[in-house]
Amino acid sequence: MNKDTIEKLTQLRLPGMLRAYQEQYKTDNIEDLTFEQRLTLMVDAGIDSRHNHTIERLIRNAQMSDKKASIEGIKYYADRQLNKDLIDELSSNQYIERGVTLQIIGATGSGKTYLACALGNAACLAEKKVMYTRLPDLLTDLALGREQGNYKNILKRYEKVDLLIIDEWLLIPANDIAQQHILEIVERRYGKKGTIFCSQFTTDSWHQRLGGGALADAILDRILSKSKTIQIHGNRSMRNR
């Protein structure tokens with residue numbers, strides 16, 4: 001094993017290739033492989049390492065409430081009436097690329113957040129930028145941004161992610177200022193990025209909870225005109241199953 005090569009791979013920040021290089025010297029009959037075969041193994045290991053590092057960073061930056069939620073972990077109990085075909089379709093992330101919004105509706109404890117985080121993690125696995133937030137936190141963030149003079153920068157942060165997950169959507173009715181903030185977000189993302197709204201309330205009550213006026217009309221037009229809905233049924237909390 002060439003120590004100079006090890007140092008250079010370290011300097012180049014190629015840990016995957018470095019590990020593969022070191023492992024080759026621990027593998028019996030490695031000399032039976034051609035130079036090209038051994039190089040291919042090292043390059044493949046380097047690509048895999050970089051991909052895994054990217055996914056880890058994306059999941060960490062997404063700040064999802066459940067970093068381990070997965071599509072495979074979703075429970076399709078009969079009383080939940082989940083549409084598995086729709087969820088499998090969504091896991092391909094095509095809705096994100098088409099700028100479709102998704103409404104996940106269900107009672108407290110029904111598993112809305114888990115499902116949203118599972119889709120968020122699926123997007124991270126496809127190397128898409130995801131951000132998870134609660135609506136109260138989003139509104140506080142924007143209000144502080146306006147006070148501190150960096151409102152536009154914060155808006156851009158919410159605008160540029162491929163998938164924005166907004167939990168606790170309209171749990172508290174939106175006042176005039178909140179409505180303006182929400183309109184700014186949905187307008188900037190409309191038709192270009194994917195957004196998931198998790199709510200205890202069905203969409204027919206959103207207009208009233210958004211103030212019932214012209215701003216509510218504008219917000220819902222941008223959310224619902226190009227959207228899909230998952231309604232989670234059942235009276236048993238997933239925490240108690």
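1. In this predicted model, α6 and β4 each supply at least two residues of the lining of the largest pocket, where helices (H or I, at least four residues) and strands (E, at least two) are DSSP runs numbered from the N terminus. A pocket here is an open set of points on a 1 Å grid over the protein atoms alone, where a 1.4 Å probe fits, with protein on both sides within 12 Å along at least five of seven lines, and lining residues have an atom within 4 Å of a point.

2. Local features need pLDDT of at least 70 and side-chain atom pairs count only at pLDDT 80 or more, whereas totals for chains, interfaces and linings use all residues. Residues are numbered from 1 along each chain as its sequence is written, and side-chain values use heavy atoms, with hydrogens and water left out.

3. The largest pocket holds about 430 Å³ of space, and of its 23 lining residues Gly-109, Gly-111, Lys-112, Thr-113 and Arg-239 are the closest to its centre. The largest contribution to this lining, 4 residues, comes from α6.

4. For the second largest pocket, the space is about 290 Å³; among its 15 lining residues, those closest to the centre are Asn-61, Val-130, Met-131, Arg-157 and Val-161. The elements giving two or more residues to this lining are α3, β2 and α8 (151-160).

5. Ile-230 touches, among others, Leu-82, Leu-86, Ile-104 and Leu-115, not counting residues up to four places away in sequence; contact means heavy atoms within 4.5 Å.

Note on methods: Grid points are joined across faces, edges and corners, and a volume is the space filled by probe spheres set on the points.
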